[in-house]
Amino acid sequence: MNKKLNTLLFVLGATLFNIIVTIICFAVLLLIFIYLILPYLSGNFSWVFTFIFLTAIVLSIVIYRVVLKFLIKKIDLEKYFDPVFVRKYKKK
């Protein structure tokens, strides 16, 4: 496989990983809310789902960054991946 294909597969895999982590975080936070917090509350809970969704997104970004930093330490990016953004003009 060449560097461009490796880069494309890495971006697709990272995107899929981020989506899956977001779904898992949302499900875990929702279950925590339903089983631990909901029995003690009464009233309208529409704001809670928005809060859980936003928290799941933030958690998935944090987890994604930690995993990506770990991979960057383990893998030589210049050896296996093509740069996504290339400068066309060099500064003098």
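**Figure 1. Lys4 in helix H1 of the predicted model.** Lys4 lies in helix H1, and the model shown here is a predicted one. With a relative accessible area of 59%, Lys4 is exposed, because exposed means over 50%. Lys4 and Tyr80 stand 76 residues apart along the chain, and their C-alpha atoms are separated by 8.9 Å. Lys4 is also one of the residues that Asp82 touches.

**Figure 2. Asn6, a buried residue of helix H1.** Asn6 has its place in helix H1. Its relative accessibility is 16%, so Asn6 counts as buried; the cut-off for buried is under 20%. Leaving out residues up to four places away in sequence, Asn6 touches Met1, Tyr80 and Phe81.

**Figure 3. Helix H1 and its buried residues.** Helix H1 runs over residues 3–37. This helix has 35 residues and reaches 49 Å from its first C-alpha to its last, close to the 51 Å expected at 1.5 Å a residue. Which residues of H1 are buried? They are Asn6, Thr7, Ala14, Val21, Thr22, Cys25, Leu30 and Phe33. What covers these buried residues includes H2 and H3. In an α-helix there are 3.6 residues a turn, so residues three or four places apart point the same way.

**Figure 4. Helix H2 and its buried residues.** Helix H2 covers residues 46–74. Its 29 residues reach 43 Å from the first C-alpha to the last, close to the 42 Å expected at 1.5 Å a residue. In H2, the residues Val48, Ile52, Ala56 and Ser60 are buried. What do the buried residues of H2 pack against? They pack against H1.

**Figure 5. Ser60 and its contacts.** Ser60 is found in helix H2. At 2% relative accessibility, Ser60 counts as buried. Leaving aside neighbours within four places in sequence, Ser60 is in contact with Asn18, Val21, Thr22 and Cys25. Val21, Thr22 and Cys25 are also among the buried residues of H1.

**Figure 6. The aromatic pair of Phe26 and Phe53.** The structure holds 2 aromatic pairs. In one of them, Phe26 and Phe53 are edge-to-face, with 6.3 Å centre to centre and 75° between the planes. Phe26 lies in helix H1 and Phe53 in helix H2, so the pair ties together parts that are 27 residues apart in sequence. Phe26 counts as partly exposed, at 26% relative accessibility. Phe53 counts as partly exposed too, at 43% relative accessibility.

**Figure 7. The aromatic pair of Phe33 and Phe49.** Phe33 and Phe49 form an aromatic pair that is edge-to-face, with 6.4 Å centre to centre and 70° between the planes. Since Phe33 lies in helix H1 and Phe49 in helix H2, this pair ties together parts that are 16 residues apart in sequence.

**Figure 8. Asp82 in the segment after H3.** Asp82 is found in the segment after H3. With a relative accessible area of 25%, Asp82 is partly exposed. The C-alpha atoms of Asp82 and Leu5 are separated by 8.6 Å, while the two residues are 77 residues apart along the chain. Not counting residues up to four places away in sequence, Asp82 touches Lys3, Lys4 and Thr7. Of these, Thr7 is among the buried residues of H1, and Lys4 is exposed.

**Figure 9. The largest pocket and its lining.** The largest pocket has a volume of about 230 Å³. Its lining is made by Thr7, Phe10, Val11, Leu68, Ile72, Leu77, Glu78, Phe81, Asp82, Pro83 and Val84. Helix H1 (3–37), helix H2 (46–74) and helix H3 (77–80) are the elements that give two or more residues to this lining. Which element gives the most to the lining? H1 does, with 3 residues. By kind, the lining residues divide into 8 nonpolar, 1 polar and 2 charged.

Technical notes:
Residues are numbered from 1 along each chain as its sequence is written. This is a predicted model: local features need pLDDT of at least 70, side-chain atom pairs count only at pLDDT 80 or more; totals for chains, interfaces and linings use all residues. Side-chain values use heavy atoms; hydrogens and water are left out. On a 1 Å grid over the protein atoms alone, a cavity is a set of points where a 1.4 Å probe fits but cannot get out, and a pocket is an open set with protein on both sides within 12 Å along at least five of seven lines; lining residues have an atom within 4 Å of a point. Grid points are joined across faces, edges and corners, and a volume is the space filled by probe spheres set on the points. Helices (H or I, at least four residues) and strands (E, at least two) are DSSP runs, numbered from the N terminus. Ala, Val, Leu, Ile, Met, Phe, Trp, Tyr, Cys and Pro count as nonpolar, Asp, Glu, Lys and Arg as charged, and the others, Gly among them, as polar. The expected span of a helix is 1.5 Å times one less than its number of residues. Buried means under 20% relative accessible area, exposed over 50%, partly exposed in between (1.4 Å probe, protein chains only). Contact means heavy atoms within 4.5 Å. Rings of Phe, Tyr and Trp (its six-membered ring) pair if their centres lie within 6.5 Å; planes under 30 degrees apart count as stacked, over 60 as edge-to-face and the rest as tilted.
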